[in-house]
Amino acid sequence: MSDVVSEATLRLERLIPSPPELLFALWTEPAQLVRWWAPEGYEASVDDLDTRPGGRWRVTMRRTDGGVVVTSGIYRIVEPPRRLVFTWAWEDESGARGHETEVVVSFEAAPGGTRVVLLQRRFESKQARDNHTVGWSSAFDRLTKIVG
């Protein structure tokens, strides 16, 4: 489910049939993250994943046509297995980071599994928000498949 909160904020919510502890691990362990972290048609590799407050993360996503996109950020809050808060920015070919957003992911035990809510804030345009909605929705579909 996707809700338009504002032009600058994306909100996605899914009920995923797994406990919070497993889902949190899928977000914070490199070997698990690469199984789902990119949209369909992409394969992710973890360059850095220091999941502690102040720790850096960096993921490269490769398309089937060989194109590469890189994103990175810093963890602000890590509260296993309930919440992650981290910054997000795309990197250009030289490694310079572009506009930065903030991602908040919460994991709440619920009947049938875990309610995962993702908020990404401070988009610079509606188009950027919409592009991330498509990407995160596809990645969430992949995440749900591997635990289902």
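**Salt bridges in the chain**

Mentor: The chain has 3 helices and 8 strands; both are DSSP runs, helices being H or I with at least four residues and strands E with at least two, numbered from the N terminus. From the N terminus on, the order is β-β-α-α-β-β-β-β-β-β-α. Please keep in mind that this is a predicted model, where local features need pLDDT of at least 70 and side-chain atom pairs count only at pLDDT 80 or more, while totals for chains, interfaces and linings use all residues. Residues are numbered from 1 along each chain as its sequence is written, and side-chain values use heavy atoms, with hydrogens and water left out.

Now to the charges. Side chains of opposite charge can pair when their charged atoms come close. A salt bridge here is a side-chain nitrogen of Lys or Arg within 4 Å of a carboxyl oxygen of Asp or Glu, and by this rule the count comes to 16.

Let us start with R14 and D141, whose closest N and O atoms are 2.8 Å apart in a salt bridge. R14 belongs to strand 2 (residues 9-16) and D141 to helix 3 (residues 126-147), so this pair ties together parts that are 127 residues apart in sequence. How covered are they? Buried means under 20% relative accessible area, exposed over 50%, and partly exposed in between (1.4 Å probe, protein chains only). R14 has 18% relative accessibility, so R14 counts as buried; D141, at 39%, counts as partly exposed.

Next come D47 and R58, whose side chains meet in a salt bridge of 3.0 Å, N to O. D47 lies in strand 3 (residues 42-49) and R58 in strand 4 (residues 56-63), so the pair ties together parts that are 11 residues apart in sequence. D47 is partly exposed, with a relative accessible area of 40%, and R58 is partly exposed as well, at 30%.

Back in helix 3 (residues 126-147), the side chains of R129 and D130 meet in a salt bridge too, at 2.7 Å from N to O. R129 counts as buried at 5% relative accessibility, whereas D130 counts as partly exposed at 27%.

Salt bridges can also join up into a group: R76, R97, E100, E102, R121 and R122 are linked in a network of them.
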